[in-house]
Amino acid sequence: MQDRDAIVIGAGFAGMYMLHSLRQLGLSVSAIERGSGVGGVWHWNRYPGARCDVESMSYSYSFSEELEQEWVWPHRYAMQPDILRYANHVADRFELRRDIVFNATVAKAEYDETELRWLVSTDAGETFRCRYLVMATGCLSVPKVPDLTGLERFRGRVLHTADWPAEGHDFSGQTVGLIGTGSSGIQSIPIIASQAKQLRVFQRTANYSIPAWNSPLPAEQEAELKRKYRALRQKARESYAGDYADEYYTSVLDLSPAEREVQFEKRWREGGFNYQYAFADVMVDERANDLAAEFVRNKIRATVKNPRVAEILCPKDHPFGSKRLCVDTDYFETYNRENVTIVDIKVDPIVEITESGLCTNDGEHRFDTLVLATGFDAMTGALNAIDIRGRRGALLKEQWRDGPRSYLGVAVAGFPNMFTITGPGSPSVLANMILAGEQHVEWIASFIAHAEANGLREIEAKSEAQEDWARMVTESAAKTLYVKANSWYLGANVPGKARIFMPYVDGFQVYAHACEEVAKSGYRGFRMG
Ligand code: N01
């Protein structure tokens, strides 16, 4: 049994900063990490084409001015190897590794109400005892392998985008089947297509995707951004999405048809989320959303030469942006290649996986390698994978059977001295995840500092505060079009999972302000003693 003041579970970007911040408070801390290295999602998601869809200068830590000045991002949108290199640099720079236990999966965390300690045990049998427990387990860290009949029979290799082999995979000369057209599929398809002999994509839901227009980041532009970094970081903190990109919030319906086309084209040329966050009414008004969606569909029709294939690729069954927007490089162009075909499995469903490929209603498709770009058990998956027991042995997973409930997305009633970074009920995946993590880390560290300074031994969200918060999160989401898609935001991609909109939709800046108000009020909504 090893004693620590705090244990942080996970050494991704949030976990690393939490470890650093708690050490700065003078506490003894260990982080426990399942992987062999730091970086979390960027350690595992090594699939070809993996890159961040938030610009690198924004998707990076803001807590250290020296760090942000010394690091050089080679591209506007960073590739996974660069992000992982950055994570490793941070781990070295702040000497984090000495307090990280790698290759250890936390199996159980149990609160001892008599000793006021959490007992945390790993699958290797190591046990830690601590006063504070911080879950930095990530929102998208448990890969979802679909329940496909016969999957175990397949004789070729099966690869999941979120659990990609570190040594990579050589597709040259291979025939490849790929299931899933979310961000991971959309990023990997163009690269796999350029390497493989043949690629067949099995698409269940067509997705909206906006080009990234990625390019090297010119040195002068980088220097200019670095000169303005403090102001840009502040702008990001005051934005909806936690990013410093301009958020114009023009109302689509206030524009004339001609002006609308100009604005849509302008934002589309800016790329990525600039298109979604430019308009005030796109996520709340179906008419505005239809117009934004049709513009994207027309771009697809103009790009994909075969009109039948273009129509398969045009999303028509959910509002624009209601599933997480994808940001791509040459995704739709890839379907003009001779070696790429698409099967619309809503029309021609997969019946079973066979030894040499898969069968749909219409026949057999043979391939050497099957790529599953099928996503994650998002937001609650990593928390529910651990046997977390709070007061009177209550199991978190059981408490969340009908959907996660938390106060501020950061604390759960019945689980004292435990915090969740970017937990359900916080902006998390709707914001720049590094900034969302930083805001939580700073808030949690301040709260712990307050507890230490005031001799508080237990801090715990009150159930009434939690219920009010959960109700507000659900009601806010219900006013938007986010709830109109079968998305992972709602848990809809995992059979049997409760359908509840998990992220906080009212914006990063509104949320951060609410957290500050709670702190200023002396932590309203928390029981402390
Ligand atoms: O996963 P997804 P992802 N049969 O859930 C399909 C982040 N991310 O890994 O839509 C057939 O979005 C499923 O179909 P449907 C980002 O937040 C970020 O791509 O459920 N198909 C869908 O097409 C992103 O949103 C970056 O009908 C099945 C796909 O698989 C999140 O991670 C890069 C199926 C899954 O799409 C998840 O993205 C990559 C089945 N049984 C990811 N089951 C950045 O750039 C699932 N599908 C930062």
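## Report on a predicted protein model

With 529 residues, a compact globule would have a radius of gyration near 24 Å, and the protein, at 23 Å, agrees with this; the radius is taken over C-alpha atoms, and the globule rule is 2.2 Å times the number of residues to the power 0.38. This is a predicted model, in which local features need pLDDT of at least 70 and side-chain atom pairs count only at pLDDT 80 or more, while totals for chains, interfaces and linings use all residues. Residues are numbered from 1 along each chain as its sequence is written, and side-chain values use heavy atoms, with hydrogens and water left out.

The protein has 17 helices and 20 strands, which are DSSP runs numbered from the N terminus (helices H or I, at least four residues; strands E, at least two). Along its principal axes the C-alpha trace spans about 70 × 55 × 45 Å. Of the 529 residues, 59% count as buried, where buried means under 20% relative accessible area, exposed over 50% and partly exposed in between, with a 1.4 Å probe and protein chains only. Among contacts (heavy atoms within 4.5 Å) between residues at least 6 apart in sequence, 72% join residues at least 24 apart.

### Helix α17

An α-helix has 3.6 residues a turn, so residues three or four places apart point the same way.

After α17 comes Gly-522, whose phi is positive, near 85°.

### Two loop residues

Phe-501 lies in the loop between α16 and α17, and at 5% relative accessibility Phe-501 counts as buried. Not counting residues up to four places away in sequence, Phe-501 touches Leu-430, Val-473, Ala-477, Tyr-482, Val-483, Tyr-489 and Leu-490. Phe-501 and Val-473 are 28 residues apart in sequence and 8.0 Å apart in space, C-alpha to C-alpha.

Ser-141 is placed in the loop between β6 (127–135) and β7 (157–160). With the same exclusion of residues up to four places away in sequence, Ser-141 touches Arg-34, Phe-376 and Ala-382.
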